[in-house]
Amino acid sequence: MFSADTLTRFNTIKTPFYYYNLDVLGQTLKQASTSAGKYNYHVHYALKANSNDKVLELMNHYGFGADCVSGGEVQRAVDCNFSSNKIVFAGVGKSDDEINLALANNIFCFNVESVAELKVLNELAVAANKTARIALRINPNVNANTHKYITTGLEENKFGINVWELDGVLNLLNNLSSLEFIGLHFHIGSQITDLSVFKNLCLRVNELNQHLASKRITPKIINVGGGLGINYHEPDSQAIPDFEAYFGLFNQFLEVQPGQEVHFELGRALVAQCGSLITKVLYIKNGIKTNFAIVDAGMNNLIRPALYQAYHKIENLTNLNAAVEKYDVVGPICESSDCFGKAVALPPTVRGHLIAIRSAGAYGEVMASDYNLKPRAEAVYSV
Ligand code: LLP
């Protein structure tokens, strides 16, 4: 929902652009930090969802840490003043340069995904005369019931160390003198809306935690990752995800040992609903089944519909009358998959109308490219 003043402002800005409502973002962060705070949970924001400075500034303001998956993200977190003891670094393919950058910045923890990586990290830490704190990313083989491209916690996925490897890895750690084992890390997928999936994760984590306890090992950190989904169909009435239910569920089902801290890595749930991609209709073209509304934003600006068949709500911001016609809303890129929505119900729509593609604050701008040498969409913020 956009105020009349905002719509007037939109008419003065070159399209396409990303619009971020910082009120919605602030309210979301406040709610998330209050709900997590009830249980002393620590939340690291997954920068991969949106790494704009203004977003990071607010994350920092509300006390979130930074969950990074590249040297670029670690550097961005440092530049945006996240304290190094709140920066974690995950990813299956950390390069030597990236590891050295993170070591130089004394980050809180490396989430390590393979034996091969453990050995390289140890060598680089020895050379840098540092001790690297590590959490082992365990693949818990829990099905996230989400799109196959964003499922990460199954044995067939490239992520994490398999459960049956854990004991061997713990033995190996005894010989890697520059690594300090501090935690277990899990992440099973993204856009998870069925909370029972997280209950399954908790039960699996409990088993592993107990297994370690039986060996007198108590990792200080249990990091359960991110993945909480949002309601793409109702960006206004459900702008803020149900953080109470989410954190409450972990409190109910996760059994932690005395002294253990629970960490999360939320991305999408914190930022998706504050952002929209605003685009302008260039042409209306009659099709055989429906008309095409050809807009000036393309899959280079927002790739989620093309890549994951993702649904984003589409609204006409210029004609606010009832939706009585159907359009395939498509971009200008030379690919048939450059389509934001098929048979979208809209009011009569003509050249020059502004269109909002909603819930685009997460994995929107960050996944943009200049394919077809089309320009990137600028970021515009609420004032
Ligand atoms: N932690 C790890 C280790 C991750 O791999 C991810 C996301 C997160 C945390 C944050 O997950 P979130 O809370 O945002 O679900 N581009 C896709 C989503 C890819 C997610 C990758 N990993 C999309 O547009 O749906």
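This is a predicted model: local features need pLDDT of at least 70, side-chain atom pairs count only at pLDDT 80 or more; totals for chains, interfaces and linings use all residues.

Mentor: The structure contains ten salt bridges.

A salt bridge joins the side chains of Glu207 and Arg204, with 2.4 Å from N to O. Both residues belong to helix 8, which spans residues 196-214, and they stand three residues apart, about one turn of the helix. Glu207 has a relative accessible area of 44%, so it is partly exposed. Arg204 is also partly exposed, at 23%. The limit for a buried residue is under 20%, and therefore the 23% of Arg204 does not qualify as buried.

The second pair connects separate elements. Glu261 forms a salt bridge with Lys220, and their closest N and O atoms are 3.1 Å apart. Glu261 is found in strand 10 (residues 261-266), whereas Lys220 sits in the loop between helix 8 and strand 9 (221-223), so this pair ties together parts that are 41 residues apart in sequence. With a relative accessible area of 23%, Glu261 is partly exposed. Lys220 falls into the partly exposed class as well, with 44%.

In the salt bridge between Arg358 and Asp236, the closest N and O atoms are 3.0 Å apart. Arg358 lies in the loop between strand 16 (354-357) and strand 17 (378-381), and Asp236 lies in the loop between strand 9 and helix 9 (243-253), so the bridge ties together parts that are 122 residues apart in sequence. Arg358 is buried, with a relative accessible area of 5%, while Asp236 is partly exposed at 32%.

Let us turn now to the ligand. There are 17 residues surrounding the ligand, the closest being Ser190, Glu265, Arg304, Tyr308 and Tyr363. By type, this shell divides into six nonpolar, five polar and six charged residues. Two elements, strand 10 and helix 11 (304-308), each supply at least two residues of the shell.

Several atom pairs can be followed in the structure. A nitrogen atom of the ligand lies 3.5 Å from an N or O atom in the side chain of Asp67. A polar backbone atom of Arg268 is 2.8 Å from an oxygen atom of the ligand. An oxygen atom of the ligand is also 2.6 Å from an N or O atom in the side chain of Tyr363. On its own, the ligand has 590 Å² of accessible area, and the protein covers 92% of this area. Domain 1 (4-16 + 273-381) and domain 2 (23-272) both give residues to the shell, so the ligand lies between them.

Some backbone features complete the account. The peptide bond from Thr15 to Pro16 is cis, with omega near -5 degrees. Pro16 is placed in the loop between helix 1 (4-10) and strand 1 (17-20).

Two asparagines also call for attention. Asn40 is not a glycine, yet it has a positive phi of about 55 degrees. Its place is in the loop between helix 2 (22-37) and strand 2 (42-46). Asn40 has a relative accessible area of 63%, so it is exposed. Asn106, likewise not a glycine, has a positive phi of about 50 degrees. Asn106 lies in the loop between helix 5 (96-104) and strand 5 (109-112). At 40% relative accessibility, Asn106 counts as partly exposed.

Finally, consider a serine within a strand. Ser276 belongs to strand 11 (residues 275-285). Its relative accessibility is 4%, so Ser276 counts as buried. Ser276 and Ser33 are 243 residues apart in sequence, and their C-alpha atoms are 23 Å apart in space.

Note on methods. Residues are numbered from 1 along each chain as its sequence is written. Side-chain values use heavy atoms; hydrogens and water are left out. A salt bridge is a side-chain nitrogen of Lys or Arg within 4 Å of a carboxyl oxygen of Asp or Glu. Helices (H or I, at least four residues) and strands (E, at least two) are DSSP runs, numbered from the N terminus. Buried means under 20% relative accessible area, exposed over 50%, partly exposed in between (1.4 Å probe, protein chains only). A residue is near a molecule or strand if one of its heavy atoms lies within 4 Å of it. A polar contact is a pair of N or O atoms within 3.5 Å; within protein, one must be able to donate a hydrogen and the other to accept it, and residues adjacent in sequence count only if both atoms are side-chain atoms. Accessible areas come from the Shrake-Rupley method with a 1.4 Å probe; for residues, only the protein chains shown count as cover. Ala, Val, Leu, Ile, Met, Phe, Trp, Tyr, Cys and Pro count as nonpolar, Asp, Glu, Lys and Arg as charged, and the others, Gly among them, as polar. Domain bounds come from an automatic or database domain assignment.
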